[in-house]
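Please open the model in your viewer and keep the sequence panel beside it. The tour below moves from one selection to the next and says what is found at each stop.

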Amino acid sequence: MKIQTIATGSAVLALTAAASAQTFDVIGGQTSVLLDTGTLSAAASLDLSSVSSDVIAPGSLGADSVAFGINPRDAASLPTTFNYTEGFGSFGGAIEHTGSVFFNADSVEVGNFTIGFDAARVGGDRSGFFVESTTGIAAILFDVASPSTLEATGDGLTIGADLLVSNEFATFLSDAGLAASDLTGADVGDALVEGVVPAPATAALLALGGLAATRRRR
């Protein structure tokens, strides 16, 4: 009986270790954006004119914000691949969205946004995360500043941060004659990522299944 108790205890410890190192997949949710339209208009000659029908209005950042649904992992186009461990100890992949924003009587479009990470972009207040438009203006638009809010647990992912004009977008604005000065690093809005992950009960069952499979192989 004592041996059985030790074995059971070992199994519990193994399951606890597996759970603590578990990777959570973002499977949905939304990203809300509140743009500083006054700054964009005055400094970059960009006047917001409309959004596509699949954009959510308002978003989670107030009456003037909009939100973009996070694409599922099985989306036919631009599937989300982002995952992380508890507390953001590690992460990888990208968060993909559907929806467009239009400026200047709908003559300028940005949309179907990718939120990704590039360690080479870390510096100053830049976190390394970036927001890239994959339709219309296909370029990295914003660097995401160091988050003011960051929660990464088995209940979901929440990231809140400022949006800073990227070097790529600043160059585009200058070359297009829309900005008279270099806007790189200018704070032009806020973003709030609210990522959904599988329910904790589902995650626990997956961990148990993995432990059982490991014991069977042994």
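In which loop does R121 lie? Select R121 and you will find it in the loop between β10 (114-117) and β11 (126-133), where helices (H or I, at least four residues) and strands (E, at least two) are DSSP runs numbered from the N terminus. R121 is buried, with a relative accessible area of 11%; buried means under 20% relative accessible area, exposed means over 50%, and partly exposed is in between, using a 1.4 Å probe and protein chains only. If you leave out residues up to four places away in sequence, R121 touches R126, G128, F130, I140, D143, S166 and E168, a contact being heavy atoms within 4.5 Å.

Before going further, note that this is a predicted model, in which local features need pLDDT of at least 70 and side-chain atom pairs count only at pLDDT 80 or more, while totals for chains, interfaces and linings use all residues. Residues are numbered from 1 along each chain as its sequence is written, and side-chain values use heavy atoms, with hydrogens and water left out.

Now zoom out to the whole protein, which has four helices and 16 strands. Buried residues make up 39% of its 218 residues. Among the contacts with a separation of 6 or more, 58% are between residues 24 or more positions apart.

Next, select helix α3 (residues 167-175), whose buried residues are F169, A170 and L173. They cover an arc of only 100° around the axis, which puts them on the same side of α3; the arc is that of the directions from the helix axis to the C-beta atoms. An α-helix has 3.6 residues a turn, so residues three or four places apart point the same way. Show α2 (37-44), β13 (139-145) and β15 (156-165) as well, because the buried residues of α3 pack against these elements. After α3 comes G177, whose phi is positive, near 75°.

Then colour the open sheet of four strands, which has the order β3-β8-β9-β12 with antiparallel pairing. At its edges stand β3 (48-51) and β12 (135-136), each with a single partner strand, so one side of each is left without a neighbour in the sheet. Two strands pair if DSSP finds at least two bridges between them, and three bridges join β3 to the antiparallel strand β8 (residues 100-103). To see one bridge, select V51 together with its partner in β8, V101.

Move on to the loop between β8 and β9 (108-111), where N104 lies. Phi of N104 is near 50°, a positive value in a residue other than glycine, and N104 counts as partly exposed at 22% relative accessibility. A105 is also placed in the loop between β8 and β9; its phi is near 55°, again positive in a residue other than glycine, and A105 counts as exposed at 71% relative accessibility.

For another stop, find P58 in the loop between β3 and β4 (66-69), where the peptide bond from A57 to P58 is cis, with omega near -5°.

Finally, display the aromatic rings: the structure holds 13 aromatic pairs. The rings of F68 and F113 have their centres 5.1 Å apart and their planes at 80°, so the pair is edge-to-face. Rings of Phe, Tyr and Trp (its six-membered ring) pair if their centres lie within 6.5 Å, with planes under 30 degrees apart counted as stacked, over 60 as edge-to-face and the rest as tilted. Both F68 and F113 are buried.
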